[in-house]
Amino acid sequence: QEQNDYFMLIQKLKSEPNKIITVYTARPTKDREFYSLTKTLPKNIFLTTDFEDAYGRISDYGQPRDIWKVLINTKYLYLAD
């Protein structure tokens with residue numbers, strides 16, 4: 001089911017180019033400077049459209065985390081190999 005959801009998401013994003021979507025991530029506070037200055041995100045980080053899901057990960061991994069709201073234009077998304 002998870003793989004099916006993934007491919008459905010890819011299909012939806014391709015069908016709606018140039019749309020702004022909002023996602024959230026919980027990143028370690030030690031990386032705050034990097035995330036406050038960057039305009040690109042590293043590969044393979046956790047992203048969710050559910051703020052509560054991101055908030056629930058604040059205490060994960062035994063280190064304090066910040067919640068980041070990320071706006072992404074779908075024209076910049078691509079399917080990685």
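**Terms and their grounds**

Modeller: Thr 74 lies in the segment after S2, where helices (H or I, at least four residues) and strands (E, at least two) are DSSP runs numbered from the N terminus. The model is predicted, with local features needing pLDDT of at least 70 and side-chain atom pairs pLDDT 80 or more, while totals for chains, interfaces and linings use all residues. Numbering runs from 1 along each chain as its sequence is written, and side-chain values use heavy atoms, without hydrogens or water.

Colleague: Why is Thr 74 called buried?

Modeller: Buried means under 20% relative accessible area, exposed over 50%, and partly exposed in between (1.4 Å probe, protein chains only). Thr 74 has 6%, so the residue is buried.

Colleague: Which residues is Thr 74 in contact with, leaving aside its neighbours within four places in sequence?

Modeller: With contact taken as heavy atoms within 4.5 Å, they are Leu 13, Glu 16, Pro 17, Asn 18, Lys 19 and Ile 21. A polar atom of the Thr 74 side chain also lies 3.1 Å from the backbone nitrogen of Asn 18. Asn 18 itself sits in the loop between H1 and S1.

Colleague: What makes the phi of Asn 18 worth a remark, given that the residue is not a glycine?

Modeller: Most residues other than glycine have a negative phi. Asn 18 has a positive phi of about 65 degrees. Asn 44, in the loop between helix H2 (32-37) and helix H3 (51-55), likewise has a positive phi, near 60 degrees. Asn 44 has 83% relative accessibility, so it counts as exposed.

Colleague: How do you know that the side chains of Arg 57 and Asp 53 make a polar contact?

Modeller: A polar contact is a pair of N or O atoms within 3.5 Å; within protein, one must be able to donate a hydrogen and the other to accept it, and residues adjacent in sequence count only if both atoms are side-chain atoms. The two side chains meet this at 3.4 Å. Arg 57, in the loop between H3 and S2, has 26% relative accessibility and therefore counts as partly exposed. Not counting residues up to four places away in sequence, Arg 57 touches Ala 26, Phe 46 and Arg 65.

Colleague: How many aromatic pairs does the structure hold, and why is the pair of Tyr 24 and Phe 51 called edge-to-face?

Modeller: There are four aromatic pairs. Rings of Phe, Tyr and Trp (its six-membered ring) pair if their centres lie within 6.5 Å; planes under 30 degrees apart count as stacked, over 60 as edge-to-face and the rest as tilted. The rings of Tyr 24 and Phe 51 have centres 5.5 Å apart and planes at 80 degrees, so this pair is edge-to-face. Tyr 24 belongs to strand S1 and Phe 51 to helix H3, so the pair ties together parts 27 residues apart in sequence. Tyr 24, at 16% relative accessibility, is buried, whereas Phe 51, at 36%, is partly exposed.

Colleague: What makes the pair of Tyr 35 and Trp 68 tilted?

Modeller: Their ring centres are 6.1 Å apart and their planes stand at 40 degrees, so the pair is tilted. Tyr 35 lies in helix H2 and Trp 68 in strand S2, so parts 33 residues apart in sequence are tied together. Tyr 35 has a relative accessible area of 11% and is therefore buried.

Colleague: Which residues do ring pairs link into a cluster?

Modeller: The cluster consists of Tyr 24, Phe 51 and Tyr 55.
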